[in-house]
Amino acid sequence: MKQFILVGIGGGIGAMARYKIGSIFLHHVAHWKFPLGTFVINVLGCLIAGILASLFDRHVFFNADMRLFLFTGLLGGFTTFSAFGLETVYLIEQHEPFIAMMNIMMSVLVGCFALWLGMKIVP
């Protein structure tokens, strides 16, 4: 039960941060065609995930609950793109460039297809 609460609180904080940052960008670049707010959120989420992953690897004071709160909760609520980026980089670091490239291509292509399909299913 404690893990659900940690994920829920972290996810709420991450979602509120995504909303606030996204609305700031939307207000200033509403006339742009490029989705700058989403782009910035995804890149920022990846940067934070990279920093946290390095901290977790190098410091023992982070426990499993903190990892769950920060990665699954906070970053999961902020952007799942950070998890995608982290997993892809781990594959590259593990000398699995083919699987990393397949992850990139399949995630983008199948994800966009699934979104399109979902839009077409609804009458």
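1. Let's start with the cysteines. A disulfide here is a pair of cysteine sulfur atoms within 2.5 Å. This is a predicted model, and the structure holds zero disulfides. The sulfur of C46 has its closest cysteine sulfur in C112, 16 Å off, so that is too far for a bond. Seen from the other end, C112 is in no disulfide either, with the sulfur of C46 as the nearest cysteine sulfur.

2. C112 has a relative accessible area of 52%, so C112 counts as exposed.

3. On to the charged pairs: a search of the whole structure turns up one salt bridge. The partners are D65 and K2, and their closest N and O atoms are 2.5 Å apart. K2 belongs to helix α1 (residues 2-28) and D65 to helix α3 (residues 64-78), so this pair ties together parts that are 63 residues apart in sequence.

4. Which residues make up the largest nonpolar core? There are nine in all: A49, L52, A53, F56, F62, L70, F71, L75 and L86. The elements giving two or more residues to this core are α2 and α3. Helix α2 gives the most, with four residues.

5. A49 is worth a click in the viewer. Apart from neighbours within four places in sequence, A49 is in contact with F71, L75, S82 and L86.

6. N42 is another one to look at. N42 sits in helix α2 (residues 36-58). Is N42 buried or exposed? Its relative accessibility is 18%, and the cut-off for buried is under 20%, so N42 counts as buried. Not counting residues up to four places away in sequence, N42 touches T79 and F81.

7. The elements that give two or more residues to the lining are α2 and α4 (81-93). Helix α2 supplies the largest share of the lining, seven residues.

Technical notes
Residues numbered from 1 in each chain as written. Predicted model: local features only at pLDDT ≥ 70, side-chain atom pairs only at ≥ 80, totals over all residues. Heavy atoms only, no water. Buried < 20%, exposed > 50% of the residue type's maximum accessible area, 1.4 Å probe, protein only. Contact = heavy atoms within 4.5 Å. Salt bridge = Lys/Arg side-chain N within 4 Å of Asp/Glu carboxyl O. Core = buried A, V, L, I, M, F, W, Y, C linked by side-chain atoms within 4.5 Å.
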